[in-house]
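Subject: The structure you asked about

Hi there,

Here is the structure, with the sequence alongside.

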Amino acid sequence: MVSTFASMADFLAPAQASFPEGVGSVTLAHYLFVSVAMFTMGLIGFLTRRNLIIMFLCTEMMFQAAGIALIAFSRFYLHHTGQSFVIFVLTVAAAEAALALALVVLLFRGRESLNADQWHSLKG
Amino acid sequence: MAEVITPLILYVAVILGGVGVWMALPRKRVNPQIIGGLVAAIAGGLVLIGLGLRAREVEGGLPNLYFYVFAAIALGASLRVITHQRPVYAALYFILTILSSAGLYLLLAAEFMAFALIIIYAGAILITYLFVIMMATQAPSEEEVDVLAEYDLQAREPLAAVFAGFLILGALSVMIFTGASKLPGEAEIRAQAPHPDHMLELLPRRVERVLQDEGLISGRERIVREARGVLSLDPETRTAVVARTVDPDGDPAGGFIPGSEREIELPDHLRARNVESLAYDFLNRHPMTIEIAGVILLMAMLGAVVLSRRQVDIDDERKRQQAERRLRDAEEARL
Amino acid sequence: MQTTTPQLAETIGALGLGAADTGAALEVATGPAWAMLIPMLPLLGAAIMGVCAIMGVRSKLPAWITVGLLGFSAVLAAAMYAWLPENGRAVSVAWEWINVSWGDEPGQTLKANFGFYIDSLTCLWMLFVTLLATLIALYASEYMSHDLGAGYCRFFAAFNLFVFSMACLVMGDNLLLLFLGWEGVGLCSYLLIGYHYKKHSAVFAAKKAFIVNRIGDLGLLLGVFLTFVHFGTLEYKDLFPMVQPYIEAMRQGAVGDIPAVVQLIPVLLMIGAFGKSAQLPLFVWLPDAMEGPTPVSALIHAATMVTAGVYLIARMYPLFLVSEWALPIVAWVGGLTALVAATIAMAQFDIKRIMAYSTVSQLGFMFCGLAFLSSVGGAFHVVTHAFFKATLFLCCGAVMHGFAGQLDLRKLSGVSFMKGWGIVGIAMFIGCLNLAGFPFTAGYFSKDMILAEAFITPGPGYQFLGVILLLTAGITAYYTFRVFFRVFVGPKQFEPGDELHGHDGHIDDHHEEHGSASRATEADEGHTPGDHEPMGGSVEERGKKTHEHPEHFHPHAPGWAINGVLATLAILSVLAAALYFFPGADKSHKGWAGGMISGSSAALVVGGEADHPTRLAAFVGAEPEQGTLFGQDPHKIMYYVSGVIGFVGIAIAFALHYAGRKESERSAANNLLQVKPIRTAHRWANAKWYVDELYDFALRKPLWAASQIFHLIDKLLIDGLVNLVGYLPRALGKGVRPSQSGVLHSYAAAMAGGLAVILLIVLLLSL
């Protein structure tokens, strides 16, 4: 199985050397651009959408963008800490999803609506 | 200032992208989502083509084709997440984003993270999202088949949000593309980074099993241990020193027979895996962070339980009555 | 002022003060520990009085305890005098009181012990303070007997506290302890003047005394501060040697070498002395202080507390000597006060108030004595005055006690001849003779010493001041015997006053609408208690109406305690004259008092052997061998001159108020009043030269107006600023509040916008 994964990576990255090889700074910029663009999408989504669930999805997307940047740097510096941090990002994302969705359920029970604009006073 | 991409192209692309996203955002009457999507795609394509052209000039700078594929899918899907009027579709598109991100992870040789991402995100988190979305969305009725909530149909202040978002995008892109040239070169990084295979020094069982499978060492031969159990193995030259153990079953704790040492060459496919390196980094360097992550998850679990519990007020009197009734029922059943 | 300085310097130089012997004289021995009991016993007494008040003692026990403790203090004071060491100086330290240090340099340590400086000046003061306090406490035991209970305890508690404070003032070995005592006696004075706290005039008088005293205390406090700043110590034993160089400089005429600060210190201290001793600008409180019970007037406001100013100057005499301004100011203030107070006393009708003004006047004499470089004269006059003025006050008090608060000299007559009033009459006569300066009385000798020095001491207009003082002596004789001839001799007639025993109740009623200083005026206008009681013509009628009983009003004669005390004091007043002849320790011709002074800090200049010819040499300059005034010993001249003036004063009083007394409209005095200038002068003097009104107009009203202005400033500017500080955040909040809409998206947009701006700034900076 292990060798299968390794050869699959080889198949997916023919222009690169196998794992020990790094990526150039120009290639790093490619990945970072994707990360930034995805982050922007998440941000815009968070700002424009009114549905609470979609807003939370957008925050997850921003997490994901950060994850891509971390992995790209991990690869660039040939260092695994970047990947370790993605694990933590996943942890936080999971915790956030659990709490946020619990909150959404709670809020939805109160108002029968997912519109974020409906909750603008502290006393609900 | 050596930039990765000419600023003109970048600025045009950022503006175009902004316009495209703005057009694609949901609104009530005229809804030029397709045009907006196209414009945004053109902008994204412009940047990617610019990047590709620039990368050709630099040796080893060109990412492979799959990068373009995954990047395009990821960005397109993310655009769809924020523009789709139906939350369920948005969530499904988000899964697509996750999957293509996992593809990018694979390209970056982070296969463990790629599959963890799919399992955790696409498998667990997004399913929860879908579950909540379905629970919280009004079911279609006889009269109205296609029920869409009012708040899903219309974006809120799209222009301001897009302006702010693409301002950030532009600024960050310029930083990335100017900063990339200031990063250290590959040789420099390689000199500082540990050899990728140095993990093998810490994995005696696996190395010795592979060597035995290959028939390079006999049953009593083991790699010589240095201080604190580290193997005498050189990842640079891919050689190791083996010796016969005193113990007939090959337990290295019993010591080695002096004079029996010999140097062997490691087989080519014996390399440290990503998971091994990641696990070592994870557990060796961030033990405290793991604890904190655990506490966060525990708190999240408790919080979710407390928050989503349905609050029902049953006074003590009724609880007592209920208990008595059950007790009576049980006694009657026994009789 | 400039012209006087060389003269003063010459004088000091001529007195033969040597730096060497003073240096030796300033060695300080360690005093006995039991000396500390002198102030502590009264303090203990005050505490016991508090316990008595709590236990609700309704007997005369507090008085006997007080008399016992004060008597023991007096015995200890005598023992202290007997113990006095050879060089005359000792310090007993009870405990370390203040010791604050903020550096190692000299002058960076504030050290003040609760310690007592024992020298002959201390002994002199403590002897008469404790003795008089004991006697007056005995007197008060009877005098205050109508108030048995909590009031009685309160009176004696304050009385004890006063003696403690006075002892601290006199015995303290540093200026800070002196200041503590100074404030303590002020407090006790306040408490005792306001003893009848339900009586508005008493409360006003107490407040007036307290506030006027604070003005003087500010001067004293500044003087103490300046002393510390300049000399770096407040302890006498360290302070006096530091003054020696300046005295030396003064002796050699190098006044310019003395820093202005050193010359300023005594001027500031002097202001404190003026306040406490009721001198010219600040004398207004003392006459009003007569609202207190008479024993208080006798002890505090005649004999002891008001002499604290004299004590202060005598104690700090070295400092006063090195200032070219201080003593001349003291002289002129004292002289003018003496005259002004005497003229006011002439026109008053309230006998206690007359005694109060005479106290002010006599204090002026004492200040003059100090200023004329005759601290012996000043101190001797303090002692004699303490005894005879206490006698006079206590006599007045006995009259007041017996005649239900009647003090108007027009409504009393022939008191001495009434049954049981003989001792009071005799004591009063002795006191009056002393005050009038009748030859061969103690007052005669002590006043004489001061008067004589006026003519032989160089200073700005001192001779003229001497003439003023002589005139004042004559006036004093007149008004003293005016009281005596009016009240104590003549036909037996009286109208009882309005203060029947157990009187507190109805006194409030009719005093309410009157100010503190109105009593004399009321008496002048023939004021009667309450409108419902018309002025009775005859004694019988009057007595019926005033008393509930059908009998006539009977003045009750003083009991054994009052009589005993009065007799003792009268005898002591007579015997005080002997102190003038009784040789002192150094066999000086100035007698016992001179001996006492010569051993103390007040005597550094007027050292025992300083003789008239020497002093006159400085004054006359060219003809030292004359050494006399008009070719005679000035003191001898004064014996005759002042004796004659005293006789004249008494004779006028006799003519106007005894021989010339007929029916009230046609008496000699009233005839005299028909002359217009005299009537005008009389009216003015009766109104106390309108000093109170002047202060009201010149100080109180402007201050009130200023306070209104400041109140307005405070309200508009300060409050406005404070309110603005409060208003600004509110307005800001009002402006910003709409942004806190609670809408999630607006917050997120603000965050995103902020992030964009920050990124742009970073980008532009990095480009």
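H3(A) packs against helix H4 (residues 87-107) of chain B at an angle of about 5 degrees, with the two axes 11 Å apart. Axes here are lines fitted to C-alpha atoms, for helices over the stretch in contact, and angles run from 0 to 180 degrees between N-to-C directions. Angles under 35 degrees count as roughly parallel, so H3(A) and H4(B) are roughly parallel to each other. Among the residues making this contact are A:Ile53, A:Leu57 and A:Ile68 of H3(A), and B:Ala90, B:Phe94 and B:Leu104 of H4(B). By class, the contact has 13 nonpolar, three polar and one charged residues; Ala, Val, Leu, Ile, Met, Phe, Trp, Tyr, Cys and Pro count as nonpolar, Asp, Glu, Lys and Arg as charged, and the others, Gly among them, as polar.

Before you read on, please note that this is a predicted model: local features need pLDDT of at least 70, side-chain atom pairs count only at pLDDT 80 or more, and totals for chains, interfaces and linings use all residues. Residues are numbered from 1 along each chain as its sequence is written, while chains are lettered from A and ligands numbered from 1 in the order in which they are written.

Helices are DSSP runs of H or I with at least four residues, strands are E runs of at least two, and both are numbered from the N terminus. Chain B itself has twelve helices and four strands.

On to the cores, meaning sets of buried Ala, Val, Leu, Ile, Met, Phe, Trp, Tyr and Cys residues joined through C-beta atoms within 7 Å. A residue is buried if 20 or more other C-beta atoms lie within 10 Å of its own, exposed if 12 or fewer, and partly exposed in between. The largest nonpolar core has 233 residues, and C:Leu132 and C:Ile313 are among those with the most contacts inside it. Apart from that core lies another, of 121 residues, including A:Ile87 and B:Leu75.

B:Glu157 has a positive phi of about 45 degrees although it is not a glycine, and B:Glu157 is partly exposed. C:Ala278, with a positive phi of about 55 degrees, is buried, with 30 other C-beta atoms within 10 Å.

Best wishes

Methods:
Angles under 35 degrees count as roughly parallel, over 145 as roughly antiparallel, 65 to 115 as roughly perpendicular and the rest as oblique. Two residues are in contact if their C-beta atoms, placed from the backbone, lie within 7 Å.
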